[in-house]
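Here are a few notes to read alongside the model. Each point takes one topic, with the cut-offs given where a term first comes up.

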Amino acid sequence: MDLAYVCEWEKRPKSNHCPSIPLVCAWSCRNLIAFTTDLKNEEEKGIDLTHMIHILDTEHPWDVYSINSGHIEIITCLEWDQSGIGSRLLSADADGHIKCWSMTDHLANSWENTVGSMVEGDPIVALSWLHNGVKLALHVEKVQSGASNFGEKFSRVKFSPSLTLFGGKPMEGWIAVTISGLVTVSLLKPNGQVLTSTESLCRLRCRVALADIAFTGGGNIVVATSDGSSTSPVQFYKVCVSVVNEKCKIDTEILPSLFMRCTTDPARKDKYPAITHLKFLARDMSEQVKVLLCASNQNSSIVECWSLRKEGLPVNNIFQQISPVGEVGDKQPMILKWRILSATNDLDRVSAVALPKLPISLTNTDLKVANDTKFFPGLGTGLALAFHDGSVHIVHRLSLQTMAVFYGSSSQRPVDEQAIKRQRAAGPLVHFKAMQLSWTSLALVGIDNHGKVQLSMLRISPSMGHVLDMNMSLRHLLFLLEYCMVTGYDWWDILLHVQPSMVQNLVEKLHEEYMRQNAALQQVQVLSTRIVAMKASLCKLSSSTVARVCDYHAKLFLIAISCTLKSLLRPHFLNTPDKSPGDRLTEICSKITDIGTDIDKVMINLKTEEFVLEMTTLQSLQQLIQWVGDFVLYLLASLPNQVQGSPVRPGHSFLRDGASLGMLRELMVVIRIWGLLKPSCLPVYTATSDTQDSMSLLFRLLTKLWLCCKGLKLPRIPATRPLWVQGTLLAGCRKPPQGQRGSG
């Protein structure tokens, strides 16, 4: 574990700076980080503090977008949505106000407050989005076995949403717990209205200093609360949400509570008076409910891990004889009971806790798989503890054994460092007050604002300090890249661990694994574009593959243009069979394998009425059409240079990509048909002859290149002037003063 980068903002004068208490941060699946600061306001009378929300992209941390939240009191909670989009953020304050911020126009520097709710004057201590019922299970044993099917590596877990609409569609909304023991739920209706309901967690309300929220596979919600005293029990509640007569209804049920073990130990009974951290080990739990508790004093802390299990209740023989076998059967009565899993020795005082977000089961079988495969981040076994001495420990979230340590420059190192490998880095001068793990557990962000705001990004090694060979390291990174491909999460934190020597093999293996998937999965547009974006980001990391980056970005743009133009095609009759006009165009173009086929002959097999658009729409597409024509011209004109052993140039990979060439052929046909409707929308070429049909020539050359790619071999350029060089007779990619469109 080492330091990736540190961001520091200018130290503000004491008259303007006011540290946030508590300081909160959140990490989205798009690798956007949100955190809070407070500024003293001397200009506006009546407003003492301005509560700011800052949002930054981890790939460009120097570009921070700040939002004046409008909260009157200190912001206590930040929570990103869990839908895989990561474009909505919840913020809650100490006055009971909750605001939902939405990204506008898909821009990370444009946010607006759309809806919200409030519990007037009641501070929010815990906040979460309702679960949408989507959960994947990661099978890390497949990494060792070499399985290639995505369905074997990632399986859908049966998990019910917190609330469903008609037809089983999950209903969006959020749930919050207040300091007075209230639970409030707000539901977002499809028409934009918000249904809000508030209910007490139990009949006897008490102060709630700490709380956390988790979800079970049956659609229920589990809430854990503590009043902050270690001598008081940690309470647990089951919350069920429903909609009755267009009103939100909340039902609560008390679950078994627990006392921390340190309070029952006579030697430690009064040593740790306060519970400072209360966290569920996972937000969505299909099996047992597990919770992490931390009790502290002024100088030290202790951490305990507990599990809620079903245990058999012994029944006296008298009652067993009275109960008929037919009614009761041989099933033993079951009760819920808390059992401690592990506890630490006395530690330095804990300042922050961060839990992994990978949706992995925590059974003993999974733990054995983690040790056998040495796939620690893939199993998400490590949680992070930040201490007041400036150090950060990665510990196993069940056994609580230390797996890796990071020491800041202000922390004191122990004398014995033989057991764990520790790396020296220029870390923060003070301890972290807020901390979050990335969605693949390969990066950790810590924030402190002692006089100035400081954000530190740490890299967590996939091997957790264990020595792994290159092949195993590639498998680990490949597995996590595939996980991001399936879920749609951003993969920036994985790129932190890719060395330049790994890029070539990783890109090839990623392509091989994708090509091993069934044809139906490969045709999913989202996956096909996502893997191209992954290849582009990987190739940026090595000087030997950087030339491919522009090809991958050009392919992404080509796919976007193809989808846009094909989406404009409409069937002439609404009761047409299953194939859309775009699918029929692809099928017909794929059957045209004659080199000498003219582009106009392809149009004969198409229903031209499906290509009819308004004249204004066609003219507005002229710039995209021109790009397609210029790109085809560039590929064909540069072909002689690409195949004669010259250095790799932009466009080289397209000459071997039959799918992209086929896409260009289809677009050329569409453009030809639209040119008959409105000639001014055609691309502009400079031809060597007034009678030369440029688009027909380009289509024939493109068809020949496409056929060569299907045969997995490229044409050889003979010494004499071949047909391919005819493409170079066309002036490249510029509009002439008096040019011809399409046919000239």
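1. Of the 744 residues in the chain, 51% are buried, meaning under 20% relative accessible area, with over 50% counting as exposed and partly exposed in between (1.4 Å probe, protein chains only). Please keep in mind that this is a predicted model, in which local features need pLDDT of at least 70 and side-chain atom pairs count only at pLDDT 80 or more, while totals for chains, interfaces and linings use all residues. Residues are numbered from 1 along each chain as its sequence is written, and side-chain values use heavy atoms, leaving out hydrogens and water.

2. On the overall fold, the chain has 20 helices and 36 strands; these are DSSP runs numbered from the N terminus, helices being H or I with at least four residues and strands E with at least two. With contact meaning heavy atoms within 4.5 Å, residues 24 or more positions apart account for 63% of the contacts with a separation of 6 or more. The chain exposes about 34,700 Å², and carbon and sulfur atoms supply 52% of that area (Shrake-Rupley method, 1.4 Å probe).

3. Next come the aromatic rings. Rings of Phe, Tyr and Trp (its six-membered ring) pair if their centres lie within 6.5 Å; planes under 30 degrees apart are stacked, over 60 edge-to-face, and the rest tilted. The count is 13 aromatic pairs. In one of them, phenylalanine 236 and tryptophan 338 have ring centres 4.4 Å apart and planes at 35°, so the pair is tilted. This pair links distant parts of the chain, 102 residues apart: phenylalanine 236 sits in strand β19 (residues 234-244) and tryptophan 338 in strand β25 (residues 334-343). Both residues are buried.

4. What angle do the ring planes of phenylalanine 631 and phenylalanine 654 make? Their planes are at 80° and their centres 4.9 Å apart, so this pair is edge-to-face. Phenylalanine 631 belongs to helix α17 (residues 622-637), and phenylalanine 654 lies 23 residues away in the loop between α18 (639-642) and α19 (658-677). Phenylalanine 631 and phenylalanine 654 are buried.

5. Ring pairs also join Phe150, Phe154, Trp439, Phe479, Tyr483 and Tyr489 into a cluster. Elsewhere, arginine 665 lies over the face of tryptophan 706, at 4.2 Å from the ring centre; the rule asks for NZ of Lys or CZ of Arg within 6 Å of the ring centre and within 35 degrees of the ring normal.

6. At 7% relative accessibility, leucine 400 counts as buried. Serine 441 also has a positive phi near 60°, and its loop runs between β32 (434-437) and β33 (443-448). Serine 441 counts as buried at 5% relative accessibility.

7. Finally, the second largest pocket has a volume of about 1,700 Å³. Its lining has 49 residues, of which Ser528, Lys555, Asp657, Ala659 and Met663 lie nearest its centre. On a 1 Å grid over the protein atoms alone, a pocket is an open set of points where a 1.4 Å probe fits, with protein on both sides within 12 Å along at least five of seven lines; lining residues have an atom within 4 Å of a point. The volume is the space filled by probe spheres set on the points, which are joined across faces, edges and corners. Helix α13 (549-567) is among the elements that give two or more residues to this lining, and α13 gives the largest share, 8 residues.
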